[in-house]
Amino acid sequence: MFWLALPLTLLCFFSFRKLYQHYPLPLFNPVLLSLLSLITLLITFDIPYADYATGSAPLSWLLEPAVVALALPLYQQAQQIRKQLKPILFTCTVGVASSLLIVIPLAWLLGADHSVMASLAPQSVTTPVAMGITQSLGGLPALTAAVVIIVGIVGAALGLPFLKGIGVKDEASQGLAMGAAAHALGTARAIEHSEQHGAYSSLALILCAVLMAFLAPLIFAFYMLFLP
Amino acid sequence: MFSIVRAFAIILLALVGGKAVAYLLPFNFPASIIGMLVLFIGFNTGVVKVHWVQPGAHYLLKYMALLFIPIGVGLINYFDLVIAQWPALLASITFGTFIVMAIVGHVFQRINPRD
């Protein structure tokens, strides 16, 4: 299995990506389908996860460089939307803080333990960043990865009709909300809708990730003072 | 080929810088985010040119989704946890997402300076 892990992962991802390009339904999300198939495969053939993880490690090594590469779209977007940078920064800060303030106590009320709360806290930001934050909070990066992907799928699928339904009519606000709540998958959906949507959404995606890295440890530590 | 190697070299250099800073910080902070800020500062000061990084960054960003599949498959080790704590997971995914979306959308719609 060791030497098959990488080619199998690539095969899954690129075939499901093809499928998604032909039928862009939210449920055909390539990451979701790849995860489901690979997990099924591992269970069916009774392969230990550690073997698969060793074989597919080169992909995981590239996660951190990919986060660094986000500097490029951040720089390009910041140039374009310079005038609105302050209100955007303010809005993203409010968004990230409210996500943390809501998600942590809600999970606690419903019986989540410490590691699950730490895994859920950064759920609204892009996967590689969220996993890094989870790790520093003492959570489970794999659980975070799954949660973040589901958040992205839900947000991308229902985000725009939801926003219109609650009276957010402005294109820039819609784009920002998609990026802030549903990270890369929301952004991908926003780009399909329009260029302007995409620009705001990817700016929110990156700013929220940075803000989350700062705010999550603070708010998490604050809650841990009160929640047993 | 040279342009891709150069792009990856710059990205890795920024990441190493980020790791060094993260190591010196008195608290836990994702080194990759610091690396991103290092590169962002590099662009803004003109030390790093956008077209030096573009060829490598393009591929990393385009196929970013692929990169977290191996770690996501690790969920296989936490099935018991998911089954035991599904109400918290479900509530936080749904409520968290829509509340954040509503707040961000409405706040920006109110304060956005339109011309």
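How many residue pairs are in polar contact between chain A and chain B, both at pLDDT 80 or more? The count is eleven residue pairs. A polar contact is a pair of N or O atoms within 3.5 Å; within protein, one must be able to donate a hydrogen and the other to accept it, and residues adjacent in sequence count only if both atoms are side-chain atoms. On the side of chain A that touches chain B, α10(A) supplies the largest share, 15 residues. That side divides into 70 nonpolar, 20 polar and six charged residues. Here Ala, Val, Leu, Ile, Met, Phe, Trp, Tyr, Cys and Pro count as nonpolar, Asp, Glu, Lys and Arg as charged, and the others, Gly among them, as polar.

The model is predicted: local features need pLDDT of at least 70, side-chain atom pairs count only at pLDDT 80 or more, and totals for chains, interfaces and linings use all residues. Residues are numbered from 1 along each chain as its sequence is written, chains are lettered from A and ligands numbered from 1 in the order in which they are written, and side-chain values use heavy atoms, with hydrogens and water left out.

The interface takes 96 residues from chain A and 70 residues from chain B (contact means heavy atoms within 4.5 Å). The buried area is about 7,400 Å², and carbon and sulfur atoms give 82% of that area. This is the accessible area (1.4 Å probe) that two parts lose on being put together, summed over both.

One salt bridge is counted between chain A and chain B (a side-chain nitrogen of Lys or Arg within 4 Å of a carboxyl oxygen of Asp or Glu). Lys19(B) and Glu64(A) form the bridge, at 2.7 Å from N to O. Lys19(B) lies in helix α1 (residues 2-24) of chain B and Glu64(A) in helix α5 (residues 63-69) of chain A, so the pair joins two chains. Helices are DSSP runs (H or I, at least four residues), numbered from the N terminus.

Arg17(A) sits in helix α1 (residues 5-22) of chain A. Beyond residues up to four places away in sequence, Arg17(A) touches Pro30(A), Lys62(B) and Tyr63(B). Its C-alpha atom is separated by 8.5 Å from that of Phe28(A), eleven residues apart along the chain.
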